[in-house]
Amino acid sequence: MSSSRLPDVGTTIFTIMSQLAIEHGAINLGQGFPDFLPDAGLIDRVEAAMRAGHDQYAPMPGVPALRQAIAAKYQAHYGRSYDPDAHITITSGATQALMCAVFACTAPGDEVIVLEPVYDSYLPSIRLAGAVAVPVAMRKPTLEDPRYRPDWDAVRAAITPRTAAIMINFPHNPTGAILLEEDLDALESLVADSRITLISDEVYEHMVFDGEPHRSLATRPALAERAFVISSFGKALHATGWKIGWCCAPARLTAELRKIHQFMVFSVSTPMQHGIAAFVADPAVHDELPGFYQARRDHLAQGLAATRLRALPCPGTFFMLADYSDVSQLPQQEFVRWLTTEHGVTTIPVSAFMVVPERVEPRIVRLCFAKQTQTLDDAFGRLRAL
Ligand code: PMP
Ligand code: GLN
């Protein structure tokens with residue numbers, strides 16, 4: 001082999017920390033996945049699909065019943081009418097949809113603005129497409145506003161004639177930040193009269209708390225007409241390993257995306273698509289998720305209150321940030337190793353989401369609360385010893 005397309009890319013932090021957790025028998029609050037089972041009714045439907053002989057290739061854009069169910073969900077939740085045939089494509093999780101979207105809307109040398117902290121797959125996807133990532137820092141918590149927020153002025157300042165796309169992720173992994181109406185207004189004015197495509201990663205769309213709605217880009221015609229809106233059943237169905245996701249986009253964007261999709265995977269697991277379609281046919285199936293996860297968020301926050309870790313506000317996702325300044329002065333990467341090996345609790349360093357080293361906040365880690373109450377309680381027992 002003469003060269004590498006990703007010379008400085010190693011194994012992802014999620015894989016490394018999960019492996020370390022296994023080696024040391026640690027409670028894994030690192031990599032984002034539930035430690036409980038999906039609904040038995042969902043498993044029954046996938047089994048029924050397998051027994052019904054849905055064993056061969058699915059249609060390239062996805063099983064029609066699943067695309068119809070997704071269209072019904074966008075209509076019910078976000079008031080937007082996507083045509084299952086022209087606008088919706090089923091992918092192998094959100095990860096593949098994101099990579100296809102980047103390839104579909106950039107040419108080599110184009111710039112793609114990303115918000116930092118940035119999810120780990122975005123930069124390699126942009127690089128593989130021959131485009132250039134432009135990281136723009138999110139606004140950090142202040143005394144007046146203790147939340148992470150998108151900084152649209154900074155995004156505006158980063159736009160150049162080469163900007164092909166802005167890639168966003170709300171609810172945001174790892175900070176939990178969510179979109180407000182004023183954010184959608186700002187984004188609308190930023191991209192008006194431009195050729196910029198939006199890539200919106202909304203995999204945590206059903207994990208928004210405290211009575212707030214999820215403000216999908218699909219809710220705004222002026223944004224939806226230039227957006228790839230991407231999500232995944234991994235989080236919503238408590239089955240991250242099933243890897244069924246989707247992309248909703250206008251016909252011209254969908255046509256480009258499918259050109260890539262058909263040669264990247266062609267189509268994705270047929271019985272899974274049929275089984276999920278039967279389970280999610282009623283858009284109300286997701287209605288309990290915000291309350292379900294809000295209870296877990298509150299349980300984690302209460303548990304951390306009895307430790308020397310300081311929880312940060314968490315408006316969305318199934319991740320919470322915590323400041324460990326009162327426990328240790330170690331840099332993040334060293335702290336998470338120490339916490340795993342010496343105290344048996346695994347977390348993720350937020351520095352793994354940072355591109356510009358100077359922007360790394362010294363002592364913050366991410367904890368996943370998609371866990372059984374007992375798992376969290378066991379972790380509290382260990383964390384109280386810190
Ligand atoms: N985007 C974000 C922000 C994520 O946290 C994840 C991880 N679950 C993904 C995309 C990937 O989703 P999937 O597992 O469906 O590929
Ligand atoms: N999205 C998950 C997280 O943020 C990880 C998925 C993966 O391991 N690639 O923890």
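Mentor: Phe266 sits in the loop between α11 (251–264) and α12 (270–280), where helices (H or I, at least four residues) and strands (E, at least two) are DSSP runs numbered from the N terminus. Although Phe266 is not a glycine, its phi is positive, at about 70°, and with a relative accessible area of 36% the residue is partly exposed (buried means under 20%, exposed over 50%, partly exposed in between, with a 1.4 Å probe and protein chains only).

This is a predicted model, in which local features need pLDDT of at least 70 and side-chain atom pairs count only at pLDDT 80 or more, while totals for chains, interfaces and linings use all residues. Residues are numbered from 1 along each chain as its sequence is written, chains are lettered from A and ligands numbered from 1 in the order in which they are written, and side-chain values use heavy atoms, with hydrogens and water left out.

Thr317, a residue other than glycine, also has a positive phi, near 75°; it lies in the loop between β9 (310–311) and β10 (319–323), and is buried, with a relative accessible area of 0%.

The loop between β5 (163–169) and α8 holds Pro171 and also Pro174. The peptide bond from Phe170 to Pro171 is cis, with omega near -10°, and the bond from Asn173 to Pro174 is likewise cis, with omega near 15°. In α8 itself (residues 181–191) we find Asp183, which is buried at a relative accessible area of 2% and whose side chain makes a polar contact with the side chain of Arg149 at 2.9 Å (a pair of N or O atoms within 3.5 Å; within protein, one must be able to donate a hydrogen and the other to accept it, and residues adjacent in sequence count only if both atoms are side-chain atoms).

Helix α5 (residues 93–105) is largely enclosed by the rest of the structure, because 10 of its 13 residues are buried, among them Gly93, Leu98 and Cys105.

Asn173 also belongs to the shell around ligand 2, together with residues including Phe14, Gly32, Lys235 and Phe319. Domain 1 (13–31 + 288–383) and domain 2 (54–285) both give residues to this shell, so ligand 2 lies between them; the domain bounds come from an automatic or database assignment. Oxygen atoms of ligand 2 are 2.7 Å from an N or O atom in the side chain of Gln31 and 2.7 Å from one in the side chain of Arg366, while a polar side-chain atom of Tyr119 is 3.1 Å from a nitrogen atom of the ligand. Taken alone ligand 2 exposes 300 Å², of which the protein buries 78%.

Terms used:
A residue is near a molecule or strand if one of its heavy atoms lies within 4 Å of it. Accessible areas come from the Shrake-Rupley method with a 1.4 Å probe; for residues, only the protein chains shown count as cover.
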